[in-house]
Amino acid sequence: MKTDYNIISDAVKGFLDPEEGLRIYNISLTASQMGPCLEIGSYCGKSAIYIGAACKENHAILFSIDHHRGSEEQQPGEGYFDPELFDHRIFKVNTFELFRKTLEMSGLEQTVVPMVCASEVAARMWKTPLSLVFIDGGHSYEAACTDYQCWARYVMSGGYLLIHDIFPDPEKGGQAPRHIYELALSSGLFEELPMTKTLGVLRRNLSPSPSPKRRGEICKA
Ligand code: MG
């Protein structure tokens, strides 16, 4: 990965560890040769730099979904609230302006396609197989399950499903991302690859899809 992307990424707000970012970049470099990538949870664009940089090298595309109003834990009074991201003109969290600035700074405006809406809205008429899906949206069971149910099915054979913020110890973090990671594994559709810190990495099997009953799309919190 070119050094200037690392410098830009360091300057962008976000919760992605550089080691996780580099792993995502390397996987995206392989994945984006097969088709478009998609992430849920753009926030200020830190992960979009890593995936987008890889996509750019392959002249591919990253769809980046976020309503840009902050997830549950980023609202005023909550643990991850950042006053710098509160837009007093509209009295709401607003991460879109910083996200656009990140794309501009990193030269990724022709590579990353922002989708400013809820994940389930973006999925409503979606038909395109994806080479990589990175789930890093809201951390409630409802949000994580929605993202999983809406998007995991579009990962193509040989493509990757990445899930951020997996904490085996409940003391260290919420369990919703781990729950969907285990759902994906139990579907029989994915092979487990080594994790990097809290980043779960699954690769969709090359064998034919199992029957719909085994697709692992039922999400019980
Ligand atoms: Mg995260």
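Which residues does Leu22 touch, not counting residues up to four places away in sequence? In this predicted model, Leu22 touches Met1 and Tyr50, where contact means heavy atoms within 4.5 Å. Leu22 is found in helix H2; helices (H or I, at least four residues) and strands (E, at least two) are DSSP runs, numbered from the N terminus. At 39% relative accessibility, Leu22 is partly exposed; the term buried stands for under 20% relative accessible area, exposed for over 50%, and partly exposed for values in between, with a 1.4 Å probe and protein chains only.

Residues are numbered from 1 along each chain as its sequence is written, and side-chain values use heavy atoms, with hydrogens and water left out. Since the model is predicted, local features need pLDDT of at least 70 and side-chain atom pairs count only at pLDDT 80 or more, while totals for chains, interfaces and linings use all residues.

The sheet comes next. Seven strands form an open sheet of mixed pairing, in the order E5-E2-E1-E6-E7-E9-E8; two strands pair if DSSP finds at least two bridges between them. Strand E5 (112–115) and E8 stand at the edges, and because each has a single partner strand, one side of each is left without a neighbour in the sheet. From one strand to the next, the twist averages 15°. Strand E7 (residues 155–163) and E9 run antiparallel and are joined by four bridges, and Leu162 stands opposite Val201 in E9. Helix H2 packs on the sheet, where it touches E6, E7, E8 and E9, and its direction makes about 145° with that of E8. Helix H3 (residues 46–57) also packs on the sheet, touching strand E1 (37–40), E2, E5 and E6, with its direction at about 175° to that of E1. For these angles, axes are lines fitted to C-alpha atoms, for helices over the stretch in contact, and the values run from 0 to 180 degrees between N-to-C directions.

The model also holds a magnesium ion, whose protein donors are Asp136 (OD), His164 (ND1) and Asp165 (OD), lying 2.1 to 2.3 Å from the ion. Donors are N, O and S atoms within 2.8 Å of the metal (3.2 Å for Na, K and Ca); water is not among the atoms, so sites may look incomplete. Along the chain, the donors follow the spacing D-x27-H-D. His164 is buried at 3% relative accessibility, and Asp165 is buried at 10%.

A pair of aromatic rings is described by the distance of the centres and the angle of the planes. Rings of Phe, Tyr and Trp (its six-membered ring) pair if their centres lie within 6.5 Å, and planes under 30 degrees apart count as stacked, over 60 as edge-to-face and the rest as tilted. By this rule there are seven aromatic pairs. Phe15 and Tyr80 form an edge-to-face pair, because their ring centres are 5.5 Å apart and their planes stand at 85°. Phe15 lies in the loop between helix H1 (3–11) and helix H2 (18–31), and Tyr80 in the loop between strand E2 (62–65) and strand E3 (86–87), so this pair ties together parts that are 65 residues apart in sequence. Trp126 and Trp151 are likewise edge-to-face, because their centres lie 5.2 Å apart with planes at 75°. Both Trp126 and Trp151 are buried, and together with Phe63 and Tyr154 they form one aromatic cluster.

Finally, a search of the whole structure finds nine salt bridges, each being a side-chain nitrogen of Lys or Arg within 4 Å of a carboxyl oxygen of Asp or Glu. In one of them, Lys197 pairs with Asp17, the closest N and O atoms being 3.2 Å apart. Lys197 lies in the loop between strand E8 (190–196) and strand E9 (199–204) and Asp17 in the loop between H1 and H2, so the pair ties together parts that are 180 residues apart in sequence. Glu97 forms a salt bridge with Arg89, with the closest N and O atoms 2.8 Å apart; Glu97 is partly exposed at 48%, whereas Arg89 is exposed at 64%.
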